[in-house]
Amino acid sequence: MHRSTITDARKKDTREKIELGGLIVKAGLRYEKRALLLGLLIDASRRIQGDDAERARLAALGAEAFGHDSE
């Protein structure tokens, strides 16, 4: 039973990482260096901390990009 739980957790973790990589591709950043990508994410994380307006702006931008999936 314990082994099954570990396997399920690893599969879930792998799936999440694949999905996150897909977001990088969708954002048009596939060929950027990893250090730049990490820097972008760290900067965004700092900017949205305590800034509900910035969080909402970025969420709306992302939602709009997902909305174009069907086009």
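Gly-67 is placed in helix H3. Ile-24 lies 43 residues away from Gly-67 in sequence. In space, the C-alpha atoms of Gly-67 and Ile-24 are 16 Å apart.

The confidence of the prediction was examined next. Across the chain, pLDDT has a mean of 92. A value of 70 or more is reached by 94% of the residues. Confidence is highest in helix H2, residues 34-48, with a mean of 96. It is lowest in H1, where the mean is 92.

The fold is made of helices. The chain holds 3 helices and 0 strands. Read from the N terminus, the order of elements is α-α-α.

Helix H1 covers residues 2-26, a run of 25 residues. From its first C-alpha to its last, H1 reaches 36 Å. This is close to the 36 Å expected at 1.5 Å a residue. After H1 comes Gly-28, which has a positive phi, near 80 degrees.

The loop between H1 and H2 contains Lys-33. Lys-33 counts as exposed because its relative accessibility, 67%, is over 50%. Lys-33 is 24 residues from Ala-9 in sequence. The two C-alpha atoms, of Lys-33 and Ala-9, stand 29 Å apart in space.

Helix H2 has 15 residues, so at 1.5 Å a residue it should span 21 Å. The end C-alpha atoms of H2 are 21 Å apart, in agreement with that value. H2 is followed by Gly-50. The phi of Gly-50 is positive too, near 75 degrees.

Helix H3 spans residues 52-67 and includes Glu-54. Glu-54 counts as buried because its relative accessibility is 14%, and the limit is under 20%. Which residues does Glu-54 touch, not counting those up to four places away in sequence? The partners are Arg-47 and Ile-48. With Arg-47, the side chain of Glu-54 also makes a polar contact of 2.7 Å. Both partners of Glu-54 fall within the residues 34-48 of helix H2.

The overall dimensions complete the description. The chain has a radius of gyration of 16 Å. A compact globule of 71 residues would have one near 11 Å. Along the principal axes, the C-alpha atoms fill a box of roughly 45 × 35 × 25 Å. Of the 71 residues, 4% count as buried. Glu-54, at 14% relative accessibility, is one of the buried residues. The accessible surface of the chain amounts to about 6,500 Å². Carbon and sulfur atoms account for 58% of that surface.

Methods
Residues are numbered from 1 along each chain as its sequence is written. Side-chain values use heavy atoms; hydrogens and water are left out. Helices (H or I, at least four residues) and strands (E, at least two) are DSSP runs, numbered from the N terminus. The expected span of a helix is 1.5 Å times one less than its number of residues. Buried means under 20% relative accessible area, exposed over 50%, partly exposed in between (1.4 Å probe, protein chains only). A polar contact is a pair of N or O atoms within 3.5 Å; within protein, one must be able to donate a hydrogen and the other to accept it, and residues adjacent in sequence count only if both atoms are side-chain atoms. Contact means heavy atoms within 4.5 Å. pLDDT is the predictor's confidence in each residue, from 0 to 100. The radius of gyration is taken over C-alpha atoms; the globule rule is 2.2 Å times the number of residues to the power 0.38. Accessible areas come from the Shrake-Rupley method with a 1.4 Å probe; for residues, only the protein chains shown count as cover.
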